[in-house]
Amino acid sequence: MAHIQLPEELPGIRGLMAFRPYTAKPLNALAEALLRIDEGLSKGERELIATFVSYLNDCFFCQSIHGAVAQYYYPDSEIVQQVKADYLSAPISDKMKALLTIAKSVQQGGKYVTEEQISQAKNAGATDLEIHDTVLIAAAFCMFNRYVDGLGTFAPNSPELYQQRAKRIAEETGYQYSVPQ
């Protein structure tokens, strides 16, 4: 049960967005800017970073929805589950492994990112832009996760619901804010 009065039919951050549209717009604009571009990192890689950080933060709603969006972009694999289980042995590039290591450090605290991690990412082919975006996605999802869980929002257990929503996000709406119906 949520800690404040939220629309019961809207799970996770969607209920919070309906509760406070004033803050919903900039938060959605941030998610849109971080996750919906294919500059440097692909949309799938961006969603995978968001999923991984949400998993590390134990935010069920965010790891479920962003995991479903990531899986949308990787339809013929079990990449999301493999990354959650052990990202270092998952079938992803060395560059992505290095970037997820940086994201993991950001999740623990920004000062946990080391020069060695940055060098490893660059040696694996990561650009400054990709490192920047990885750090910003990881930091933003720590905030999003704490927002969702800090107010006790509910998260459905239906994988189908997340898959349906992921398809709409990927193909239609993105993370643009609209007043829920």
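**Reading burial, contacts and helix packing**

Biologist: Does alanine 121 count as buried or exposed, and why?

Modeller: Alanine 121 counts as buried because its relative accessibility is 0%; buried means under 20% relative accessible area, exposed over 50%, and partly exposed in between, with a 1.4 Å probe and protein chains only. The model is predicted, so local features need pLDDT of at least 70 and side-chain atom pairs count only at pLDDT 80 or more, whereas totals for chains, interfaces and linings use all residues. Residues are numbered from 1 along each chain as its sequence is written, and side-chain values use heavy atoms, with hydrogens and water left out.

Biologist: In which helix is alanine 121 placed, and with which residues is it in contact?

Modeller: Helices (H or I, at least four residues) and strands (E, at least two) are DSSP runs, numbered from the N terminus. Alanine 121 belongs to helix H7, residues 115-123. Contact means heavy atoms within 4.5 Å. Leaving aside neighbours within four places in sequence, alanine 121 is in contact with Ala98, Leu99, Ile102, Ala126 and Ile131. Isoleucine 102 is 19 residues from alanine 121 in sequence, with 8.4 Å between their C-alpha atoms.

Biologist: Which side chain does a polar contact join to that of glutamate 130?

Modeller: A polar contact is a pair of N or O atoms within 3.5 Å; within protein, one must be able to donate a hydrogen and the other to accept it, and residues adjacent in sequence count only if both atoms are side-chain atoms. Here the partner is lysine 95, at 2.9 Å. Glutamate 130 lies in helix H8, residues 128-150, and counts as buried because its relative accessibility is 5%. Not counting residues up to four places away in sequence, glutamate 130 touches Gly40, Leu41, Lys95, Leu99 and Gly125.

Biologist: At what angle do helices H1 and H2 pack?

Modeller: Axes are lines fitted to C-alpha atoms, for helices over the stretch in contact, and angles run from 0 to 180 degrees between N-to-C directions. Helix H1 (residues 12-19) and helix H2 (residues 21-35) pack at about 130 degrees, their axes 6 Å apart. H1 and H2 are therefore oblique to each other; angles under 35 degrees count as roughly parallel, over 145 as roughly antiparallel, 65 to 115 as roughly perpendicular and the rest as oblique. Met17, Ala18 and Phe19 of H1 meet Pro21, Ala24, Leu27 and Asn28 of H2.

Biologist: Where is leucine 151 placed?

Modeller: Leucine 151 is in the loop between H8 and helix H9 (159-173) and is partly exposed, with a relative accessible area of 24%. Histidine 3 is 148 residues away from leucine 151 in sequence, yet 5.2 Å away C-alpha to C-alpha.
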